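Colleague: Could you take me through some of the terms used for this model, setting each value against its definition?

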Amino acid sequence: MIWQTKTRTFDLSKRALIMGVVNVTADSFSDGGKFFDVESAVAHARRLAAEGAEIIDIGGESTRPGAEPVSAQDEMGRVLPVIKRLAETNQQSAISNQQFSISIDTMKPDVAAAALAAGAEIVNDVTGLRDPAMREIVRASGAGAIAMHMQGTPRDMQAAPHYEDVKAEVREFFRQTFAACLGCAIDPMRLAFDPGIGFGKTLAHNLALIQNLAGLRVEGRPLVLGVSRKSFIGKVLGSASVADRAWPTVALTSYGRTRGANILRVHDARPNVEALRMTEAMLNPETVA
């Protein structure tokens, strides 16, 4: 299973990737503005990479339930300085082969284009590449792309999520998105798909999708799983504390890998990297023997 970005080719057939999250926002559910300024965001991204995250996902607009949108100008003002600094880090570390890929987490084509020009090589779109303008940016740039499923918008997605068959409907969305991308000449090797855990889903929907990840796969494309610190974990635990969701996230990283996840999007790199590598040693012991 090959996944290509602007500059890199990942072989995901036996080895999954950790994607580290950097929220350059004031209102993220997980870290509440902790990395809102450039220096702290860059430092956190470097720390995630040093702990084993091979992709750093930079976002400048919160997509938590009920979040208010921000303008493209404000979003670019948040993310572009961070991306430029991290791209410089990559250039400086090229000799030591310690590079990481930079992803832009945005639903706005203008922001995606500016981020790719600044040094990003992956577009992570929570609206699932529905916008033809976003698809054209992916095609023209040769960027890797993650199409996520979301029912509704961040402002209203958790009001009353409903599906007749959540697994079938998410997979059909992936199939249609794949066809639309091929229709505008996007290289299929650039595409990956995310079922959007917590984005317009109830607890039951989330659990059903995680349990049946492999059945969501379309045309052999990689699957991205983002469960880190999400509220459904708190519902299972009976806890409202975000801190209590850290180790259950690690458990879900391991479980998700066994169910077919190829890219795991997390807030804490090291414990999830270690869990992932141990799980893969059990899945493919010949690779470590």
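Colleague: What makes the crossing of H8 and H9 right-handed or left-handed?

Modeller: This is a predicted model, in which local features need pLDDT of at least 70, side-chain atom pairs count only at pLDDT 80 or more, and totals for chains, interfaces and linings use all residues. Residues are numbered from 1 along each chain as its sequence is written, and side-chain values use heavy atoms, with hydrogens and water left out. H8 passes H9 in a right-handed crossing, the term for a near helix turned clockwise from the far one by less than a right angle, anticlockwise being left-handed.

Colleague: Why are H8 and H9 called roughly parallel?

Modeller: Helix H8 (residues 246–258) and helix H9 (residues 269–283) pack at an angle of about 30 degrees, with axes 9 Å apart. Angles under 35 degrees count as roughly parallel, over 145 as roughly antiparallel, 65 to 115 as roughly perpendicular and the rest as oblique, and H8 and H9 are therefore roughly parallel to each other.

Colleague: Which residues make the contact?

Modeller: With contact meaning heavy atoms within 4.5 Å, the residues include Trp247, Val250 and Arg257 of H8 and Pro271, Leu276 and Glu280 of H9.

Colleague: How do you know that S3 and S10 pair?

Modeller: Two strands pair if DSSP finds at least two bridges between them, and 4 bridges join strand S3 (residues 17–23) to S10, which run parallel; Arg265 in S10 is the bridge partner of Met19. Strand S9 (residues 224–225) is joined to S10 by 2 bridges, also in parallel.

Note on methods: Axes fitted to C-alpha atoms, helices over the stretch in contact; angles between N-to-C directions.
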